Amino acid sequence: MKKNQKTRLSIVIGFLLLAFSCSAGNVQWTYFVEEGEDATSSFYYFYQSNGESIQRVRMVWNGGAQNPPSIIDYLLDSGKIIIRHLVGTREMIPDLIAGKDVRLELQREYSISKGSSDDMLLPSPPDKALTKEQRHDLGNLIDLLAKDRKIIPAMESK
């Protein structure tokens, strides 16, 4: 590949990354859990519920002492689970751990559908089996859904 082609490809990839940056929107979180890993590293879990079921779960790792924060959003749609891996900047950490909406960079996204015949979770076609990453993400989601959560009276006061 020639230098001009590489430069154009880099520019196109940069625009695509910018276009696919995600914003959390105005999510009203209803539940919250915080877990410390060590003195500088903590996980923050936010849950959105309609009163009958959980529709969305957000896992925020604050990045420890020097890493950027990483975020995984689980959107529990009817018939599928959308999983988004996102990253923020260190400056966003106070807002992220307060449950506020910030503009995040989307690293990757995929969905896992509920198969209609076997009541199984399946990756999106053409894949036939869940990858190691998909199994890991689903294991984390199961753990998050099993946690004892605190009710958040109103996030807008933060």
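Start with a pair you can find by eye: Ile-71 stands opposite Leu-86 in strand 6. Keep in mind that this is a predicted model. The protein chain has 3 helices and 9 strands, and along the sequence they follow the pattern α-β-β-β-β-β-β-α-β-β-α-β. Of its 158 residues, 37% count as buried. If you look at the contacts with a separation of 6 or more, 45% of them come from residues 24 or more positions apart.

**Strand 6 and its partners**

- Strand 6 covers residues 80-87 and is mostly covered, with 6 of its 8 residues buried.
- On one side of the story is strand 5 (residues 70-77), which pairs with strand 6 in the antiparallel sense over 8 bridges.
- The hairpin of strand 5 and strand 6 has 2 residues between the strands, and there Gly-79 takes a positive phi near 95 degrees.
- Strand 6 also pairs with strand 7 (residues 103-114), again in the antiparallel sense and over 8 bridges.

- His-85 has its place in strand 6.
- Why does His-85 count as buried? Its relative accessibility is 8%, and buried means under 20%.
- The side chain of His-85 makes a polar contact with the side chain of Asp-137, at 2.8 Å.
- Setting aside residues up to four places away in sequence, His-85 touches a list of residues including Ile-71, Ile-72, Leu-106, Tyr-110 and Glu-133.

**The nonpolar cores**

- The largest nonpolar core has 16 residues. Tyr-45, Tyr-47, Val-57, Met-59, Tyr-74, Ile-83 and Leu-144 have the most contacts inside it.
- Which elements supply at least two residues each to this core? They are strand 3 (42-49), strand 4 (54-61), strand 5, strand 6, strand 7 and helix 3 (132-146).

**Aromatic rings**

- A pair of aromatic rings is described by the distance of the centres and the angle of the planes.
- The count here comes to 5 aromatic pairs.
- Phe-32 and Phe-46 form a tilted pair, because their ring centres are 5.1 Å apart and their planes sit at 50 degrees.
- That pair links distant parts of the chain, with Phe-32 in strand 2 (residues 31-36) and Phe-46 in strand 3, 14 residues apart.
- Phe-32 and Phe-46 are both buried.
- Phe-43 and Tyr-45 have ring centres 6.2 Å apart and planes at 20 degrees, so this pair is stacked. Both Phe-43 and Tyr-45 are buried too.
- Ring pairs also tie Trp-29, Phe-32, Tyr-44 and Phe-46 into a cluster.

**Arg-149 over the rings**

- Over which ring does the charged end of Arg-149 sit, 5.4 Å from its centre? That ring belongs to Tyr-31.
- Arg-149 also lies over the face of Tyr-47, at 4.7 Å from the ring centre.

Conventions
Residues are numbered from 1 along each chain as its sequence is written. This is a predicted model: local features need pLDDT of at least 70, side-chain atom pairs count only at pLDDT 80 or more; totals for chains, interfaces and linings use all residues. Side-chain values use heavy atoms; hydrogens and water are left out. Buried means under 20% relative accessible area, exposed over 50%, partly exposed in between (1.4 Å probe, protein chains only). Helices (H or I, at least four residues) and strands (E, at least two) are DSSP runs, numbered from the N terminus. Two strands pair if DSSP finds at least two bridges between them. A polar contact is a pair of N or O atoms within 3.5 Å; within protein, one must be able to donate a hydrogen and the other to accept it, and residues adjacent in sequence count only if both atoms are side-chain atoms. Contact means heavy atoms within 4.5 Å. A nonpolar core is a set of buried Ala, Val, Leu, Ile, Met, Phe, Trp, Tyr and Cys residues joined through side-chain atoms within 4.5 Å. Rings of Phe, Tyr and Trp (its six-membered ring) pair if their centres lie within 6.5 Å; planes under 30 degrees apart count as stacked, over 60 as edge-to-face and the rest as tilted. A charge sits over a ring if NZ of Lys or CZ of Arg is within 6 Å of the ring centre and within 35 degrees of the ring normal.
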